Amino acid sequence: MSALRETRAWQDLQAHFEKLRDAHLRDLFAADPGRGERLRAEGAGLYLDFSKNRITDETLMLLGGRREEMFRGEHINVSEDRAVLHVALRMPRGRSLVVDGTDVVKQVHEVLDRMAAFCERVRSGEWRGHTGKPIRNVVNIGIGGSDLGPVMAYEALRHYSRREMTFRFVSNVDGTDFAESTRDLDPEETLFVISSKTFTTLETMTNARTARAWALAGLGGEEAAVAKHFAAVSTNAGEVEKFGIDTENMFGFWEWVGGRYSMDSAIGLSTMLAIGPARFEEMLAGFHAMDEHFQEAPTAENLPLLMGLLAVWHADFFGAETCAVLPYDQYLHRFPAYLQQLTMESNGKHVTLDGARVDYETGQIYWGEPGTNGQHSFYQLIHQGTRLIPCDFIGFANSLNPLGDHHDILMSNVFAQGEALAFGKTADEVRAEGTAEEVVPHRVMEGNRPSNTILAERLGPATLGTLIALYEHSVFTQGAVWGIDLFDQWGVELGKVLAKAIIPELESGTEPELRHDSSTNALIRRYRSQRHL
């Protein structure tokens, strides 16, 4: 078992928690009227109000490194003996980070320059398809980090995208995803970006081969057409070339880039095609600004450190199992889905770095929807349910689409929801409204529900980069406290291995000999019996 619970720091936190367990935010604010101005932090263009959490100054002192190891390039992915260097992906040109004798920042900018030249050719119309038509449609084919980041970034930055171009994203091996994404596209004007480091990922390459057949069917079947309608984000030049893609249009990345941390690498090629190299550079600058803030700001002013420590506080002491991320900007509607991989693939671990079984909770379930839609869906449970659900509200002072009083109404809800969750409504307050006594219990809001509020001036490429890096480093902080390896994902692999064994059993022309458990055997037989009905 892990020794974390036996440490003096953990035991001090447990004793402190016992004092705060029954405290109410109403009382904490009453005792400290300036709490809302004091418990806040600012950095890299973001403002964080964390006053509506059940904490005191002592809590912060007790909660507050492995972060320096990451910035030095040490091999902190212990189960795979790899450095973890996504911070190098956004370091400015001219900076240097030497790992195992190689300046990785120089390598990063060489790839970025190649990406920029390629994107400018496509966006300007200089790049022509096989029949001489310019590219008007881009379809990114990937899965996991090769899809979630690009699709989230495209949706988040759609306001800045090349509007006369269409961007689609195919990830699911379900043929419906490909069919619906390409149904209204012209193969003569379509470019596919195949994103797979090894160029062997089952789902991605299944979709890639389907894309190849679809494109060739619409381009006269000439194999030479593939090179004009496909680009690759990969490191496997042999497989890329065998597929028919010109390796000049192959953009690589490195073993030290984890999939869920890769959207600012060559995996962001579709993002750069959409918003252009200059805007992509702005996004990288936003990432880097938060990297520097995380590395340099003291604990009490360090946004990702504070958010990460609060997540541990809620998960391991208050027993919170989930965290709701609630962006009040429609462009960020895919942001919670992106964070699900970032947080749960990183911190969904049951052993420590040295292989000991943990005896505390690691990793919350992250979920959410944009406001105000969620208010008419699941907020009821957050306000009056029996589960404690910490919330992150994200809002912007300025709308990218100002329409009358829409934005003031939107932001009024950000502030109102945080206030309602913290302070609720007492039975006496409900009675004072003239409510019948038998109805009073139904309208009481206990409050004391924790939330953070994150504000920025407006959503743009730099702000998006800053927001993503904020959560990256918050997740890192949580994992560092729990003593786990954030950067492997062995739990993802087992299902893949088993699926590969089952595929030939499903496709067999004769009845296969099945050696699974009775449930799996019965399901396979049922599927085979109904497959062609």
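Which strands does α20 lie across, and at what angle does α20 run to β12? In this predicted model, helix α20 lies across β2, β10, β11, β12 and β13, and its direction makes about 160 degrees with that of β12.

**The six-stranded sheet**

The strands β1-β2-β13-β12-β10-β11, in that order, form an open sheet of mixed pairing. At its edges stand β1 and β11 (365-367), each of which pairs on one side only. On average, neighbouring strands of this sheet are turned by 15 degrees against each other, direction ignored.

At the β1 end, β1 (residues 40-43) and β2 (residues 46-49) run antiparallel and are joined by four bridges. Within this pair, G43 stands opposite L46. The hairpin of β1 and β2 has two residues between the strands, and A44 takes a positive phi near 55 degrees there. Strand β2 is also joined to β13 (residues 451-456), again in the antiparallel sense, by three bridges; here L48 has I454 of β13 as its bridge partner.

A further helix, α15 (residues 335-347), lies across β10 (322-327), β11 and β12. The direction of α15 is at about 165 degrees to β11.

**The contact of α13 with α20**

Helix α20 (residues 461-482) also meets helix α13 (residues 277-296): their axes come within 7 Å and cross at roughly 35 degrees. The crossing of α13 and α20 is right-handed. On the α13 side, the contact involves R279, E282, M283, G286, F287, M290, D291 and F294. The residues they meet in α20 include P461, L464, I468, L470, H473 and F476. By class, the residues of this contact divide into eleven nonpolar, five polar and four charged.

**The five-stranded sheet**

Another open sheet has five strands in the order β6-β5-β7-β8-β9, with parallel pairing. Strands β6 (166-170) and β9 (250-251) each have a single partner strand, so one side of each is left without a neighbour in the sheet. Helix α7 (residues 145-156) packs on this sheet and touches β5 (137-141), β6 and β7. The direction of α7 makes about 150 degrees with that of β6. Within the sheet, β7 (residues 190-195) and β8 (residues 230-233) pair in the parallel sense over four bridges, and V193 stands opposite A231 in β8.

**Cavities**

| Cavity | Volume | Classes of lining residues |
|---|---|---|
| Largest cavity | about 110 Å³ | eight nonpolar, five polar, one charged |
| Second largest cavity | about 40 Å³ | seven nonpolar, two polar, one charged |

The lining of the largest cavity comprises 14 residues, and M307, A311, C323, D392 and N452 lie nearest its centre. Helix α14 (303-316), strand β12 (391-396) and helix α20 each supply at least two residues of this lining. Of these elements, α14 provides the largest share of the lining, with four residues.

Definitions and conventions: Residues are numbered from 1 along each chain as its sequence is written. This is a predicted model: local features need pLDDT of at least 70, side-chain atom pairs count only at pLDDT 80 or more; totals for chains, interfaces and linings use all residues. Side-chain values use heavy atoms; hydrogens and water are left out. Axes are lines fitted to C-alpha atoms, for helices over the stretch in contact, and angles run from 0 to 180 degrees between N-to-C directions. A crossing is left-handed if the near helix is turned anticlockwise from the far one by less than a right angle, and right-handed if clockwise. Contact means heavy atoms within 4.5 Å. Ala, Val, Leu, Ile, Met, Phe, Trp, Tyr, Cys and Pro count as nonpolar, Asp, Glu, Lys and Arg as charged, and the others, Gly among them, as polar. On a 1 Å grid over the protein atoms alone, a cavity is a set of points where a 1.4 Å probe fits but cannot get out, and a pocket is an open set with protein on both sides within 12 Å along at least five of seven lines; lining residues have an atom within 4 Å of a point. Grid points are joined across faces, edges and corners, and a volume is the space filled by probe spheres set on the points. Two strands pair if DSSP finds at least two bridges between them.
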